[in-house]
Amino acid sequence: MLAVRRAVVDGLFYPAAPGALRAQVAHYLAGVGADDDAARLPKLLIAPHAAYDYCGAVAACAYALLGRRSKRIISRVVLLGPAHRVAVRGLASPEADAFETPLGQIALDVASVASLDDLPQVIRDDRAHDYEHSLEVQLPFLQTLLGSFSLVPLVVGDVSADAVAQVLERLWGGEETLIVISSDLSHYLPYEQAQALDRATAQRILRLDAALAPHEACGATAINGALLAARRHGLAPRLLDLRNSADAAGDRGRVVGYGAMAFEERQQ
């Protein structure tokens with residue numbers, strides 16, 4: 001019998017009804033337009049993980065790059081996001097066999113998860129995944145665009161960027177593997193101050209500066225590790241969108257920043 005990690009923020013961060021969820025994801029993607037004619041698919045994406053009403057349009061800017069071709073090419077997603085609910089020392093992989101959203105189940109790549117068991121920075125801990133939203137909110141976009149794929153989900157806690165990069169190197173694969181880093185940017189600053197800090201953070205990411213601090217991005221550790229790996233593999237970063245919660249709705253006196261970025265193979 002499969003051990004399934006059930007959805008926990010459906011009805012809170014995104015619709016619980018499958019039809020409504022499909023419609024909302026399609027609405028955000030239509031607002032961007034799929035990049036079906038791109039010469040190559042991105043290897044790595046950074047996307048936000050707030051409620052869709054706030055960040056869905058920004059996340060769509062990252063996922064729209066996958067286009068229709070992605071279903072024929074990408075068969076595995078390595079998904080990293082920060083721990084919000086449970087203190088994690090290192091990176092936590094799950095014992096589960098599948099993750100579930102209202103759009104269906106996603107089988108875990110259990111062989112890839114097991115391949116990390118010898119790394120001292122990786123632990124098995126379902127508790128870190130049980131109520132964690134940073135990974136879950138990415139899944140409906142991935143299900144919509146990729147259809148069938150396997151998943152390697154990792155919750156990132158107290159660990160070095162080098163240790164994250166080591167994990168990514170082991171999972172890097174080829175064009176069949178997409179890496180997604182789930183992260184919001186600044187938290188609870190006034191609108192103009194948040195804009196300035198988020199612009200500066202985005203520029204640091206574009207320079208592959210792997211020394212981001214948690215106040216600049218809640219997924220800073222995962223981003224820093226991804227930037228080290230991107231540097232080693234010669235990926236070219238691209239800023240797709242940069243907004244905050246007040247651009248969608250809410251109080252301009254206390255906002256959360258969101259960014260969408262893609263990392264692609266450099267053209268020869």
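**View 1. Packing of helix α2 against helix α7 in the predicted model.** Helix α2, which spans residues 52-63, packs with helix α7, residues 139-146, at an angle of about 40 degrees, and their axes lie 11 Å apart. Because angles under 35 degrees count as roughly parallel and 65 to 115 as roughly perpendicular, α2 is oblique to α7.

**View 2. Residues at the contact of α2 with α7.** From α2, the residues Y52, G56, A59, A60 and Y63 meet P140, F141, L142 and L145 of α7. By class, the residues of this contact divide into 8 nonpolar and 1 polar, with no charged residue.

**View 3. The largest pocket, with a volume of about 270 Å³.** This pocket is lined by 18 residues, of which A50, D184, Y188, V256 and Y258 are the closest to its centre. Two elements, β10 (187-189) and β12 (255-265), each give two or more residues to the lining, and the largest share, 3 residues, comes from β12. The lining of the largest pocket comprises 9 nonpolar, 6 polar and 3 charged residues.

**View 4. The second largest pocket, with a volume of about 190 Å³.** Among the 14 residues that line the second largest pocket, L41, P42, K43, E175 and E265 are the closest to its centre. Sorted by class, the lining of this second pocket has 6 nonpolar, 3 polar and 5 charged residues.

Key. Residues are numbered from 1 along each chain as its sequence is written. This is a predicted model: local features need pLDDT of at least 70, side-chain atom pairs count only at pLDDT 80 or more; totals for chains, interfaces and linings use all residues. Side-chain values use heavy atoms; hydrogens and water are left out. On a 1 Å grid over the protein atoms alone, a cavity is a set of points where a 1.4 Å probe fits but cannot get out, and a pocket is an open set with protein on both sides within 12 Å along at least five of seven lines; lining residues have an atom within 4 Å of a point. Grid points are joined across faces, edges and corners, and a volume is the space filled by probe spheres set on the points. Helices (H or I, at least four residues) and strands (E, at least two) are DSSP runs, numbered from the N terminus. Ala, Val, Leu, Ile, Met, Phe, Trp, Tyr, Cys and Pro count as nonpolar, Asp, Glu, Lys and Arg as charged, and the others, Gly among them, as polar. Axes are lines fitted to C-alpha atoms, for helices over the stretch in contact, and angles run from 0 to 180 degrees between N-to-C directions. Angles under 35 degrees count as roughly parallel, over 145 as roughly antiparallel, 65 to 115 as roughly perpendicular and the rest as oblique. Contact means heavy atoms within 4.5 Å.
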